[in-house]
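Dear colleague,

Please find the structure below. My notes on it follow directly after.

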Amino acid sequence: MLAIYRALLYLYPPRYRTHYGEEMLAVLSEVDGATNGNKPLVRARSCFREVTGLLNGAFHEQVRNIFGAKGNSLFSFGRFSMRSEFRFPKATVTLMCLILAGVLLTIDKAKAIQHSLPYANPQVGPIEPEQFTLLPLLLLTLAAACLGGVIAWGIVFAMRRSGVQRLSELDLTTSDSPTKLPN
Amino acid sequence: MRHVTDKHIESLPLSEPVLMILLGLADQPRHGYAILQEIDKMSQGRVQLSTGTLYGALHRLLEDGWIERFSENDNSRGKQAYRLTQLGHRKLQHEVHRLKHLTRLASTRVARGAV
């Protein structure tokens, strides 16, 4: 495993590697040694945690290397550094990307269908009417319901992340003493 | 809307890994693996940081001046100890105050709701 960890350390920026490379490798070696006697599942979990940690760390350090200290706020995963300012929910970005991909795919399919139609391409013969049974209709309905559910869940998740829902539930009428910050 | 009145509060609240690292260094200087072990012990195995996450956090804390490298007699095999600076101690104290207040407020509200 140490060879894999050593290889993954090369994904970090050279300056970072010079500062922490040997030290990290020593820690990884100790972690690896500590899990040696454990069950294979425990070892696999530990290895997975270390590999994903190194990949995540390398990505963040490369981003910091390119964009500076502010770079991490552009690509911050998880709650490593909580910030008080508004952050655009990543779930919304993912959802928007999925919708955009869906629209592009639909346009592409529509173009393909248009080209296959007889009036657009005289070489193509008449389209045979397809037998439409109940099963495809049911499957289509199920798929549409699942898609609707996923989209609704995405919207609710995005709202929860952005705090809109929590703000709407906040009871501002009660008179709690304001938060006194320590000196 | 959060109103920030103290420059020490600007970086609060801390994330759980950062808080755990600072707590792990609160009583004595520790090197990387010892910090991981201490966090594991403190959280009773609930928080298990990877080495990559730990050093990412240590790097930022060093840059911000919250912790510093500490020369130990045994710094063989690349071992390097870290300890809290005065600034780090102050930040940790502020976070503890903040959490205390939050817990007190939450307890009051929950008790009021249960009546």
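A residue is called buried if 20 or more other C-beta atoms lie within 10 Å of its own, exposed if 12 or fewer, and partly exposed in between, with C-beta atoms placed from the backbone. By that criterion, 31% of the 115 residues of chain B are buried.

This is a predicted model, in which local features need pLDDT of at least 70 and side-chain atom pairs count only at pLDDT 80 or more, while totals for chains, interfaces and linings use all residues. Residues are numbered from 1 along each chain as its sequence is written, and chains are lettered from A and ligands numbered from 1 in the order in which they are written.

Chain B has 4 helices and 3 strands (DSSP runs, H or I of at least four residues and E of at least two, numbered from the N terminus). Their order along the sequence is α-β-α-α-β-β-α.

In chain A, helix α3 covers residues 40-67. Buried residues of α3(A) include E50(A), L54(A), H60(A) and R64(A). Just after α3(A), G68(A) has a positive phi of about 85°.

The axes of α3(A) and α3(B), residues 51-64, come within 6 Å and cross at roughly 35° (lines fitted to C-alpha atoms over the stretch in contact, with angles from 0 to 180 degrees between N-to-C directions). Among the residues making this contact are G53(A) and G57(A) of α3(A), and G52(B) and G56(B) of α3(B) (C-beta atoms, placed from the backbone, within 7 Å).

Kind regards

Note on methods: Expected span 1.5 Å × (residues − 1). Contact = placed C-beta atoms within 7 Å.
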